[in-house]
Amino acid sequence: MSSAIQFDPVRLPEEAEALRVEVRAFIAEEVAAGTFELGQPGRAFNLAFSRKVAQKGWIGMTWPKEYGGQERSFLERYVVNEEFLIAGAPTRVHFTADRQSGPVILKYAPEEIKRKIIPRIIAGECTFSIGMSEPNSGSDLFAASTKAERTNEGWRINGQKLWTSTAHQADYMIGLFRTSPPTSDNRRHGLTQFLVDMKADGISTRPVYFPDGSHDFNEVIFDNTLIPDDHVLGEIDGAWKQATAELAYERSGPERFLETIQVLIALIELIGPEPDSRAAEGLGRLMAQMFTMRRMSISVAGMLSAGKEPVLEASLVKDLGTIWEQKLPALARDLAAGLPFDRVGRAEFQKTLEHAIRIAPKLTIQGGTTEVLRGIIARGLGLR
Amino acid sequence: MSELSDLIADTSERIFHDLGDPQSVINSGDGGWRPPLWSAIEEAGLSRAMVPEALGGVGIPLAVAFDILRIAGRHAVALPLAETVLAGWLLGRGGISAPDGMIAVAPTQRHSRLSIDDRGRITGRCDAVPFAGEVSHFAVLAQNGDAGCHVALLSADEVAVDAGHSIAGDDLGTVICEATEPLAAAKVDGLTQDSLMQFGAVARAMQMAGALEALLDMSVQYAQERVAFGRPISKYQAVQHNLARMAGEVAAAVAIATSAAYALEQGSELDEAVLIEAASAKIRVGEAAGEGAAIAHQVHGAIGYTMEHPLHRFAQRLWAWRDDFGGEVEWAERLGRVYASKGGLGMWPTVTAA
Ligand SMILES: Cc1cc2nc3c(=O)[nH]c(=O)nc-3n(C[C@H](O)[C@H](O)[C@H](O)COP(=O)(O)OP(=O)(O)OC[C@H]3O[C@@H](n4cnc5c(N)ncnc54)[C@H](O)[C@@H]3O)c2cc1C
């Protein structure tokens, strides 16, 4: 039977809801203090804000105490994450490290490296980037050709990463490099994960601008860059084995459906308290869809905190979530078109809408395209 | 879940599979499967799953009782099981014992109304009542002006039924009461027609979630077996992606339906949180029903478009069930008004409070 797909009803525990109250108070204080403006999309880079989040103990909050973490539950982290997303808080400094890089380091780095880096992430002063894609390796990650060659001093890196978000602001990158050719029976063989200090010699970073002229993407060139031996993360040539469990964390969080949520908030303002039936129906559907996704996402978070590896479920959340957040601006635009033009909130709505329409295309590409994701789901269903 | 819920799930699964398997139902060519299936359901106590312990029920947690309906959905069970289960709950709210046999509930649409006069007689008309022509009793909710709602038990002999059929071919009729004397009636404080609509919506959402699960399994299995151009069609990316999309719809349906059932168990049906869960479930599962049935048909090709194949028993019931107790549009309007009243910044606290 369909017991293959599991989404049990999970509710956030009391301590998570208590934490929510704290997070909301913190956000209100920081907005009042002028640290950031409510509802700004795009997770701005703001060191002052990240330091304050760190003081609260909300970066790396699920990590072991011996490295400075709080050992709080994955569901508590969920609450902090979703509250920051809804507020449009500027979490760029620590977002990637908190979600992905920290857990990878905790799992695969040697002890001294963990002791050196994890506390810095937790302090909100260490930004990470992800170096996987290359000019000729996107969806097909296993085509990566940037080389890491073993020498007496360590590893020498040569080649190029592309589309590397935040590389220009990052202290470290977790890079995927070729250490051996693929074998005839396993084309995934031969890639290794490395911790890269972005200040090392032989690394140059060049901006690649988004269509709106903003800068987040980069090209990163490695010219004989030296990486010490103890910066190898996990098994040499075996990076492909390390991906699956991490991806469940990466795929199912609230950021997978809340990326354009500011449009919905602005739309509700525009609609006002007494909607006509068209606006009411449209809004009701959007809310039912969003509410359902949140339930699914929390259900996956519950499974993760219970030590399960819901890879299929996480992929389903990401597929539904990214498609939804991508469609949301268009649906909101249609609903708004049915309302009188001179409504209060129109200018604000329009500004938010335009931003969302511009960023919508990337939502089903970043972190693995819809097509790739559906391939993973199909495998989970036993079709391939 | 608990041992009890596992036991109930296993029992339900076995009964529906052994006596109500859709392929056997089709092959039988008549309604001969109905009496044995219904007897087994009654004997196992499934139809009384929501009867309160004080009235002779066995005290099954509400979410588990709803899960019986999901399992029934997995077999496209076309008997008034959900109706009789709901009747047990509704009558229970009025302290009225549910009789044996099949019971329908009314109203099942927001615009339908029954009223009860000061002498306790019930009058009104209810459209689109599932199984109205097949049951021996009706459990109804009737309003006494502004003085509140009553729950009543009516004998089918005392009401007029204009019988018809749903899109699935199941019995569906208009029920007309004209100063009908109920067998029993009781005023229930805090109960509204909304309460019944919510319970019914969640029941249908659970049935639909189950039917969607079954359709997904059926479609995945068929894709692995069917060969075209020398390969199983499951190897074609277009087919894989259709099924992946369907899996997303099924997952959404299961997640929100079970969440709403859990919410009804934990909360009071007057809570806004419960309204939000129930409305979201009926809307989102209804949407999934349309998408899921369409993809299942597409994957099956012509064989799925035949009387002899079981697919239609699921697809047609999905199309019928999404209309009962309010369709997507009706619930969406309702839900949209709730959120609109909160304003932009009030939306999120409303979501997290549910
Ligand atoms: C905003 C943004 C931020 C990003 N940040 C980072 C980052 O920080 N670090 C990083 O390493 N990368 C990053 N990326 C890159 C991202 O991971 C890749 O863009 C993505 O994996 C797709 O690769 P590609 O762009 O080369 O497209 P391609 O792989 O060339 O794909 C092009 C099209 O072909 C389709 N396609 C490809 N293969 C198949 C197949 N087998 N079956 C069916 N369809 C297929 C794809 O789905 C897509 O529609 C980012 C991308 C974006 C948009």
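**Chain A and its interface with chain B**

Of the 384 residues of chain A in this predicted model, 55% count as buried.

Student: Which helices and strands make up chain A, by number?
Tutor: The chain holds both kinds of element. Its secondary structure comes to eleven helices and eight strands.

Student: Why does chain A count as being as compact as a globular protein of its length?
Tutor: The globule rule gives 21 Å for 384 residues. The radius of gyration of chain A is close to that figure, so chain A is as compact as a globular protein of that length. The radius of gyration itself is 21 Å.

Student: What share of the contacts in chain A with a separation of 6 or more joins residues 24 or more positions apart?
Tutor: The count takes in contacts in chain A with a separation of 6 or more. Residues 24 or more positions apart account for a share of 75%.

Student: Is G102(A) buried or exposed?
Tutor: G102(A) lies in helix 4 of chain A, residues 92–108. A residue under 20% relative accessible area counts as buried. G102(A) has 0% relative accessibility, so the answer is buried.

Student: Which residues does G102(A) contact, leaving aside its neighbours within four places in sequence?
Tutor: One of them is I118(A), 16 residues along the chain from G102(A), with the two C-alpha atoms separated by 6.6 Å.

Student: What area do chain B and chain A bury between them?
Tutor: In the interface, 52 residues of chain B are in contact with 49 residues of chain A. Carbon and sulfur atoms carry 68% of the buried area. The area buried between the two chains is about 4400 Å².

Student: Which helix of chain B supplies the largest share of the side that touches chain A?
Tutor: Helix 6 (193–225), helix 7 (237–266), helix 8 (272–300), helix 10 (328–340) and helix 11 (344–353) of chain B each supply at least two residues of that side. The largest share is 16 residues, and it comes from helix 7.

Student: How many nonpolar residues does the side of chain B that touches chain A have?
Tutor: By class, this side of chain B has 13 polar and 13 charged residues. Its nonpolar residues number 26.

Notes: Residues numbered from 1 in each chain as written. Chains lettered and ligands numbered in written order. Predicted model: local features only at pLDDT ≥ 70, side-chain atom pairs only at ≥ 80, totals over all residues. Heavy atoms only, no water. Contact = heavy atoms within 4.5 Å. Buried area = accessible area lost by both parts, 1.4 Å probe. Helix = DSSP H or I, 4+ residues; strand = E, 2+ residues; numbered from the N terminus. Nonpolar A, V, L, I, M, F, W, Y, C, P; charged D, E, K, R; others polar. Rg over C-alpha atoms; globule rule 2.2 N^0.38 Å. Buried < 20%, exposed > 50% of the residue type's maximum accessible area, 1.4 Å probe, protein only.
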